[in-house]
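Have the structure open as you read.

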Amino acid sequence: MKYMFTYDLMESARNTNEWLGASARAFASYPAFAMSMNPMLPLMAAWGEVTERTFSRMVAKPDWGIRSIVGPDGQDHLVDVNAVVEKPFGNLVQFFVRRRSPMARKVLLVAPMSGHYATLLRSTVASLLPDADVFVTDWHNARDIPVSAGKFDIEDYTLYLAEFMKVMGPDTHVIAVCQPVPLALAATAYLAAEDPEAQPQSLVLIGGPVDPDAAATEVTDFGRRVTMGQLEHLAVQRVGFKYKGAGRLVYPGLLQLQSFITMNAERHGKAFSDQILRAARGETSDHDAHNRFYDEYLAVMDMTAEFYLSTVERIFKNREIARNAFVVAGRKVDFGAITRVSVMTVEGANDDISAPGQCVAALKLLTGLSEGKKGQHLEPGAGHYGIFAGKSWRLNIRPLVLNFIDRAAGKQKAKIALAAAQ
């Protein structure tokens with residue numbers, strides 16, 4: 001599979017389907033057919049509209065779409081997305097709120113590099129912005145990174161996080177979501193040994209595979225079944241000639257999307273057939289529920305092959321994080337070195353990607369951290385998405401996280417002392 005031909009073949013198929021959709025929509029919408037009573041024409045136009053949008057969004061990076069927030073004074077404050085640190089494989093970006101003084105809480109939201117863009121955390125960012133200065137790791141699509149930029153594996157990812165934490169300073173509160181949870185933990189432990197003063201004040205780990213063997217899921221079962229040779233043969237391709245990263249070995253986003261959809265093929269098929277019928281009846285809009293979800297879900301990005309393969313081998317197969325045997329830049333990372341950072345884990349009871357038990361395993365690794373600096377929460381009835389962006393996050397988890405951050409910063413004690421004085 002390590003050929004540009006297979007990569008370009010997938011891109012050609014995507015491009016062709018986008019073209020077919022656009023052609024069908026344009027043909028069925030031709031003015032000469034306006035007086036026709038043939039019911040197939042509206043259906044053809046609807047099919048073309050949905051098909052064109054579906055395949056075009058697969059190669060488009062979604063916009064953050066956070067234009068403004070309402071401040072405590074009741075006025076709208078415009079929001080700018082500014083790059084604080086720019087690196088070949090990802091930037092540290094800040095959501096800068098105009099005309100607002102720096103907030104007491106400074107949050108680094110670590111986005112996953114698992115096939116989707118960091119914009120997957122759009123609603124998480126929007127929910128935190130009124131109460132904190134928010135920074136996000138904005139990872140780049142590997143297909144757009146020239147081969148000359150070098151490799152990028154889980155050790156490089158960990159070093160990127162450590163650098164971002166250093167830049168932001170020790171008053172930072174880190175929230176890692178899903179895939180980067182074990183690596184955010186490793187980056188914190190790395191700083192604890194190399195630069196203790198750069199450690200963040202708190203670390204919130206949400207639904208990540210610290211110990212994949214703690215609870216089995218389809219993801220962990222797949223990781224056990226397949227050999228690294230099989231995985232490299234089936235999943236790795238070279239970026240085609242169309243993009244700047246031509247020749248780079250990647251796990252293509254389109255291949256990942258195929259896996260995502262196959263897992264729930266019947267549900268996705270019904271969603272698209274229903275959308276076509278709604279479009280034929282004129283009931284769709286640019287930002288209806290279907291388009292809001294699939295504009296994000298279908299926008300996929302390539303991962304570097306070395307990052308994907310090292311994740312499967314070292315996190316899932318060898319369990320280097322779970323065994324406290326992870327090495328970064330030739331140095332063993334010892335999680336027992338974390339002694340001053342408050343750490344909280346959040347899991348969803350119905351999470352079928354990172355099942356309960358996988359994330360909370362992080363607390364057992366923190367042998368040097370007092371129990372008073374540890375916290376954990378299991379959200380009843382919540383799936384994977386709900387614990388960081390859904391109803392469970394908005395109503396229950398977000399307040400718990402902000403309260404934990406405040407306790408870590410010592411603000412809770414100040415509040416209690418103030419109340420006692422009054």
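What follows covers the cavities and then the sheet.

## Ground rules

This is a predicted model, where local features need pLDDT of at least 70 and side-chain atom pairs count only at pLDDT 80 or more, while totals for chains, interfaces and linings use all residues. Residues are numbered from 1 along each chain as its sequence is written, and side-chain values use heavy atoms, with hydrogens and water left out.

## The largest cavity

You'll find 2 cavities of 30 Å³ or more. A cavity here is a set of points on a 1 Å grid over the protein atoms alone where a 1.4 Å probe fits but cannot get out, and lining residues have an atom within 4 Å of a point. Volume is the space filled by probe spheres set on the points, which are joined across faces, edges and corners.

The largest cavity comes to about 80 Å³. Its lining includes Y7, M10, E11, R143 and D302. α1 (4-28) and α8 (253-263) each supply at least two lining residues, with the largest share, 3 residues, coming from α1. Helices (H or I, at least four residues) and strands (E, at least two) are DSSP runs, numbered from the N terminus.

## The second cavity

The second largest cavity is about 30 Å³. Among its lining residues are F89, H140, D302 and T304.

Three strands form an open antiparallel sheet in the order β8-β9-β10; strands pair if DSSP finds at least two bridges between them. The edge strands are β8 (237-238) and β10 (303-304). β9 (residues 249-251) is joined to β10 by 2 bridges, and V250 stands opposite T304 in β10.

Methods
On a 1 Å grid over the protein atoms alone, a cavity is a set of points where a 1.4 Å probe fits but cannot get out, and a pocket is an open set with protein on both sides within 12 Å along at least five of seven lines; lining residues have an atom within 4 Å of a point.
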